[in-house]
Amino acid sequence: MLFRSNAVELFEKFITRKNWNFTPIHLSGNTDCYQPIEREKKLTRDILQTALHYKQPISIITKNALILRDKDILSELAKLGLLKVFVSITSLNEDTRQKIEPRTVTATQRLRVVEELANCNIPIGVNVAPIIPGLTDTEIPQILKASSEAGAKWANYIIVRLNGQIGEIFKDWLQVAYPERCDKIWNSILSC
């Protein structure tokens, strides 16, 4: 993760331009804004405080329970209709989650995040992603049911994208993680 110590200043400079129209800004995407370094640096928290000060609409996608630290600011943004939060859930099966997303919080913890944020009236949904045909696609109904029961109001999905060399790396990973199912999963992905 690229660390920018002046991220908050750059953010404030960007949203205070005379021609800025307050289009929602999405935190995260390729990299979760609640990476472990966020505990120490608090850049996301400072960006959220800046967004609140200037009434800048924000959306966040995360798979990290650290977002709960910022419930106070998120609640204030939500009261003003300036916030949407998405929690990414790949699998409810812990063995699968550990293989796909090692060093991330469990699905149970992610559902707890959904529940806690929903209880704070923070607009919360889930992103079922990445869906891996032949591996996690059959879990979609259970993920949606558990998420709805936790308080999620909407859901999105993304099927795994394997552009360029990522496909080769992913296939190598499949051969190690799921040697007996590798070909079936790989062919399912290719058929999408």
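Visitor: Which helices and strands do the buried residues of H3 pack against?
Guide: This is a predicted model, in which local features need pLDDT of at least 70 and side-chain atom pairs 80 or more, while totals for chains, interfaces and linings use all residues. Residues are numbered from 1 along each chain as its sequence is written, and side-chain values use heavy atoms, without hydrogens or water. Helices (H or I, at least four residues) and strands (E, at least two) are DSSP runs numbered from the N terminus. With contact meaning heavy atoms within 4.5 Å, the partners of the buried H3 residues are helix H1 (7-15), strand S1 (25-27), helix H2 (37-41), strand S2 (58-62) and helix H4 (71-79).

Visitor: Which residues of H3 are buried?
Guide: Buried means under 20% relative accessible area, exposed over 50%, and partly exposed in between (1.4 Å probe, protein chains only). By that rule, the buried residues of H3 are Leu43, Thr44, Arg45, Ile47, Leu48, Thr50 and Ala51.

Visitor: Where does Lys42 lie, and what is its phi?
Guide: Lys42 sits in the loop between H2 and H3. It counts as partly exposed because its relative accessibility is 38%. Although Lys42 is not a glycine, its phi is positive, about 60°.

Visitor: Is Phe22 buried or partly exposed?
Guide: Phe22 belongs to the loop between H1 and S1. This residue, other than glycine, has a positive phi near 60°. Its relative accessible area is 35%, so Phe22 is partly exposed.

Visitor: Is Asp70 buried or exposed, and which residues does it touch?
Guide: Asp70 is in the loop between S2 and H4. Its relative accessibility is 0%, so it counts as buried. Leaving out residues up to four places away in sequence, Asp70 touches Tyr34, Arg45 and Leu48.

Visitor: How many Å apart in space are Val87 and Ile124?
Guide: Val87 is part of strand S3 (residues 83-89) and counts as buried because its relative accessibility is 1%. Beyond four places away in sequence, it touches residues including Thr62, Arg110, Val113 and Ile124. Val87 and Ile124 are 37 residues apart in sequence, yet from C-alpha to C-alpha the distance is 7.6 Å.

Visitor: Which element gives the most to the lining of the largest pocket?
Guide: A pocket is an open set of points on a 1 Å grid over the protein atoms alone, where a 1.4 Å probe fits, with protein on both sides within 12 Å along at least five of seven lines; lining residues have an atom within 4 Å of a point. The largest has a volume (the space filled by probe spheres set on points joined across faces, edges and corners) of about 1400 Å³. Of its 37 lining residues, the closest to the centre are Gly29, Asn30, Lys63, Glu101 and Pro130. The elements giving two or more residues are S2, helix H5 (94-100), strand S4 (124-131), strand S5 (155-159) and helix H8 (165-177), and the most, 4 residues, come from H8.

Visitor: What is the omega of the peptide bond from Ala129 to Pro130?
Guide: Pro130 lies in strand S4. The bond that joins Ala129 to Pro130 is cis, with omega near -10°.
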